[in-house]
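Subject: Structure handover

Hello,

Here is the structure I said I would pass on. My notes on it follow below.

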Amino acid sequence: MTDRIWDQYLTERDKAVFAASGFGATAEWGKRPALLVIDVNYAFCDEKPVPILESIKTWRTSCGEDAWEAMPVLQRLIGVCRGKGVPVIYTTGTRRPDNWDSGSWSWKNNRRSEDSSSPRTTSHGRDGNDIVDAIAPAPQDLVVLKQKPSGFAGTPLHSYLQLLGCDSVIVTGTTTSGCVRATVLDAFSLNFRVTVVEDGCFDRSQASHAINLCDMHAKYANVYHSDVVAAHLQELPSGMFDLPSGAGLSAQAAE
Amino acid sequence: MTPERFEDHVWRDVVPDDLLQIYAPYKRETFVGPNPALLLIDLYNLAYQGGPVPPLELQEHYPSSCGIYAHNAIAPTRRLIAAARAAAIPIFYCTSDLAPMAAPSDVSATRRKMTRRSPEDFEIWHEFPPQPGDVIIRKQRASIFAGTPLISHLNRMGVQSVIVCGESTSGCVRASCVDAYSNGLKVSLVEECTFDRHELIHKINLFDLHHKYVDVMAVDEVIAHLEGFGAQAAVAE
């Protein structure tokens, strides 16, 4: 296999263990995928490419410029899926104004109090949980609001996949080590085939991004470059799914 | 079944006209959904103990038995299972999870006072023997979905709808039907193969489920659908 993004972080023993233990085999794609776009909102991306150490002064969860390197990848895959009538499902966070429901999130971050004391909005007054305009949901897409890392935790996501007759998910978004991984793990546990788009995911930690891709590729998913994923999607039949009509929704109203 | 016959079910003699009028907007065609699996809820010995007599007569020795209602459902349930096997659709049984140390002592499917139970009480009734290709789900609560891997199995098999029967209508059947519906599955509940300890509670729960969450269907109708399903598969081959 060609060099992978995680190779630089592995010891020689790690490489030998992976090679000898059978992990990282190539799994089947599944026949009826949905594209999942996890948490690509202003709080994780900022308004434009800003160096991460600068960006996190405003948005403590920002992934900085890496988010914007992934944006054209997301635009391309979303475009291919819409063209094929493959479901595009976004997730983003939701919270009470008083932040009571942040729950366990307050246990591990000492800047959490900023969320309720001085709620952040963009220069255009957009909420941090708004999905960035560069990949705005279209009326026929689905947007799942969540409060925990996994897109499945306490949400209707699984029932949507069931209704659509999906057998697989293609996962993109952020963070690779957090909500992407949690969603991948739950999809795997529910017996969905899982693909992770290597250059369609990002994280605020470069090492976490690489190692989490390594872990997911070893155990739960095929981790592929977007070129491979786009080529696969192009091979699928068109119009397989009974998608929402989007009637009565404008692009942003879908959120 | 056509919308005109939407109320042609066992509850007709207990549901007054004003109630039917309130529920008129639910009237629709009923059918079995795509890629079905059969869910057999709690067809274990406890439900049949004491024989085919009114459950009130069994109160002392077999308080969990559905008596005559359980026994009346045996013949149609055998026909339903046979049709499901002929159609080669996935079949899931469920029964209580009796594994030692699996749950705190106060965990059970209902709030009823528990009497002493033996493992044999929760074995599947001998007239519905599970076959090697079937799956038996062990559960601790009312719904077959609650805290079990069932939904993962259904996903893996590409199941999009479920045909449900068993006991009790007001308890585990109802809970399982509502969870199936909430999980995005189409639900067909088979009338003659579903039972409870009293006719009234059976009928009213069927009425509730039929209008809100499931299609209550006659066993003949479901079997006819499964026979067509098998015929289609034969043509495809």
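A residue is called buried here if 20 or more other C-beta atoms lie within 10 Å of its own. By that count β4(A) is mostly covered, with 6 of its 7 residues buried. Please keep in mind that this is a predicted model.

Chain A overall

Chain A contains 9 helices and 6 strands. Its radius of gyration is 18 Å, close to the 18 Å from the globule rule for 255 residues, so chain A is as compact as a globular protein of that length. Along the principal axes, the C-alpha atoms of chain A fill a box of roughly 50 × 45 × 30 Å. Of the 255 residues in chain A, 40% are buried. Among contacts in chain A with a separation of 6 or more, 79% are between residues 24 or more positions apart.

The sheet of chain A

The 6 strands form an open sheet with parallel pairing, in the order β3-β2-β1-β4-β5-β6 of chain A. β3 (142-146) and β6 of chain A are the edge strands, each pairing on one side only. From one strand to the next the twist averages 25 degrees.

β4(A) has partners on both sides in that order.

Helix α4 of chain A (residues 65-84) lies across β1 (33-38), β2 (88-93), β4 (168-174) and β5 of chain A, and runs at about 135 degrees to β5(A). α7(A) also packs on the sheet, where it touches β1, β4 and β5 of chain A. The direction of α7(A) makes about 170 degrees with that of β4(A).

What does helix α8 of chain A pack against? The buried residues of α8(A) pack against α7 (176-189), β5 (193-202) and β6 (222-224) of chain A. Those buried residues are H209(A), A210(A), N212(A), L213(A), C214(A), M216(A) and H217(A). The length of the helix also checks out: at 1.5 Å a residue, the 14 residues of α8(A) (residues 206-219) should span 20 Å, and the end C-alpha atoms are 20 Å apart, which agrees.

Chain B

Chain B has an open sheet of 6 strands as well, ordered β3-β2-β1-β4-β5-β6 and paired in parallel. Its edge strands are β3 (135-139) and β6 (215-217) of chain B, and each of them pairs on one side only. Direction ignored, neighbouring strands of this sheet are turned by 25 degrees against each other on average. β4 (residues 161-167) and β5 (residues 186-195) of chain B run parallel and are joined by 6 bridges, with E167(B) opposite F195(B) in β5(B). Helix α3 of chain B (residues 74-86) lies across β1 (36-41), β2 (91-96), β4 and β5 of chain B, at about 145 degrees to β5(B).

Where the chains meet

The contact takes 11 residues from chain A and 10 residues from chain B. On the side of chain B that touches chain A, helix α4 (residues 150-157) of chain B gives the most, with 4 residues. The residues of that side divide into 2 nonpolar, 7 polar and 1 charged.

Regards

Technical notes: Residues numbered from 1 in each chain as written. Chains lettered and ligands numbered in written order. Predicted model: local features only at pLDDT ≥ 70, side-chain atom pairs only at ≥ 80, totals over all residues. Helix = DSSP H or I, 4+ residues; strand = E, 2+ residues; numbered from the N terminus. Rg over C-alpha atoms; globule rule 2.2 N^0.38 Å. Buried ≥ 20, exposed ≤ 12 C-beta atoms within 10 Å, placed from the backbone. Contact = placed C-beta atoms within 7 Å. Expected span 1.5 Å × (residues − 1). Nonpolar A, V, L, I, M, F, W, Y, C, P; charged D, E, K, R; others polar. Pairing = 2+ DSSP bridges. Axes fitted to C-alpha atoms, helices over the stretch in contact; angles between N-to-C directions.
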